[in-house]
Amino acid sequence: METLEILVKTQKIDISSFDPETYRKDFPILGEKVHGKPLVYFDNAATTQKPSSVIDTISDYYRHSNANVHRAIHELGDRATTAFEEARKKVAGFIGAKSERQIIFTRGTTEAINLVAAGWGRKFMEEGDEIILSEMEHHSNLIPWQILARETGARLRFIPFTDEGTIDFPVFEQLLSGKTKLIAITHMSNVFGTINPIKRIISMAHDRGVPVLLDAAQSVPHLPVDVEFLDCDFLAFSGHKMMGPTGIGVLYAKSRILENMNPYQGGGEMINSVWLENATWNEIPHKFEAGTPNIAGAVGLAAAIDYINKIGMVSMTLWEQELTTYALDKMSEIDGITIYGHAPERGGVISFNLLDIHPHDMSHLLDQSGIAVRAGHHCAQPIMRKLDIAATTRASFYFYNTKSEIDYFVEQLKQAKSFFGY
Ligand code: C6P
């Protein structure tokens, strides 16, 4: 794995002593009972749980610092503005950005990608231009480009996925041409768990002068991601998938790109001077943050980053990899199971079907045993169509999950078979 390999080598992390129990007590919700059973939370790709430090930081912010940012000349205004801008710096440091000016707070990954489609795409895309996506994209990295293509006459091209759920590189090479204006691709698939070889994709794109947007919704929360090392042009992720609150996310982009982009929304804060008929724009990143932002969300996200840094992202990743290998081994032993995605480099997301038990029935049954998984198309309908299935059940892990939870989950899968008469 590109970034991880380097970090593991340089940091020499020993995972044998990693004990998730050390951290589970930091998450009040993990002590919940569901239908009288201890909660087993395996829906982390949808959203992660929050440690007390994040919950308390948000509460403290509202108790002691709440005010609007960049506007008020009073003590609380100073506190709120400082907390918000410190959060921006923290995010920049976390993903290795050169400057906090490159960090735009959004509502999440979805809004970050829409911002690029509107602010960059509408300005620079023309009829006949091509955007390369993959067939394994989440709807959030598909629909904004469909809309842009309709508006501009640009064309979408798709890198197929292989039977293993990996990028078909020979086809990707053929798709790259003088017409390509952007590649927008997921770093880690929320269905297959595949970690795409992004560094290679970016270097191939840059050889032809093509910028790359990374949908990092599933990677930034689970892997060490460094934007300078990857040299990506845009990167989008969500706070709620990395222990932060919902409603806060991030768009990173290279400064010169941001400076040349059009604003996304108009309103307060994003302006410099305003006349009745005209206006000039604020500096980046504020040019892209119209209206009162999600201040408490940014502060909560910063607390989540502190928590990750305390544990160490490389340790978290390695533990998740160990859990995933363990789960894949145990699940593969179940007769009649189909697991979708067999990439050599993958994260802790396992999509599967068991015989012809409908994923909704499976999810309902698991829920009765206290196990939370996701069932459905996972906002990736084109994947389901290509696989010719309606849906899958998906288990997704985080560093606070344990091997005994996986044992229990596998046991419940086996019991589901007999419950459904197999
Ligand atoms: N995937 C899942 O259960 P938002 O909703 O903006 O925070 O993230 C959107 C998104 C974009 N890209 C990828 C790869 C994603 O996995 C997600 C969110 C969740 O798989 C909810 S649909």
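**Pockets, cavities and helix packing**

Q: How many nonpolar, polar and charged residues does the lining of the second largest pocket have?
A: The lining of the second largest pocket has five nonpolar, 10 polar and five charged residues. Nonpolar covers Ala, Val, Leu, Ile, Met, Phe, Trp, Tyr, Cys and Pro, charged covers Asp, Glu, Lys and Arg, and polar the others, including Gly.

Q: What are the ground rules here?
A: This is a predicted model, in which local features need pLDDT of at least 70 and side-chain atom pairs count only at pLDDT 80 or more, whereas totals for chains, interfaces and linings use all residues. Residues are numbered from 1 along each chain as its sequence is written, and side-chain values use heavy atoms, with hydrogens and water left out.

Q: What volume does that pocket have, and which residues are closest to its centre?
A: The volume of the second largest pocket is about 240 Å³. Of its 20 lining residues, His-138, Ser-140, Ala-217, Gln-218 and Lys-241 are the closest to its centre. On a 1 Å grid over the protein atoms alone, a pocket is an open set of points with protein on both sides within 12 Å along at least five of seven lines, a cavity is a set where a 1.4 Å probe fits but cannot get out, and lining residues have an atom within 4 Å of a point. Points are joined across faces, edges and corners, and a volume is the space filled by probe spheres set on them.

Q: Which domains contribute to the pocket lining?
A: At least three residues come from each of domain 1 (2–50 + 312–419) and domain 2 (54–309); the bounds are from an automatic or database domain assignment.

Q: And cavities: how many of 30 Å³ or more are found?
A: The search of the whole structure finds two. The second largest cavity has a volume of about 40 Å³, and its lining consists of His-222, Leu-223, Thr-317, Glu-320, Gln-321, Gly-347 and Gly-348. By class, that lining has one nonpolar, five polar and one charged residues.

Q: Changing topic, where is the cis peptide bond?
A: The cis bond joins Ile-284 and Pro-285, with omega about 5°. Pro-285 belongs to the loop between strand S12 (279–281) and helix H11 (295–311); helices (H or I, at least four residues) and strands (E, at least two) are DSSP runs numbered from the N terminus.

Q: What is the phi of His-35?
A: His-35 has a positive phi of about 50°, although it is not a glycine. His-35 sits in the loop between strand S1 (33–34) and strand S2 (37–38).
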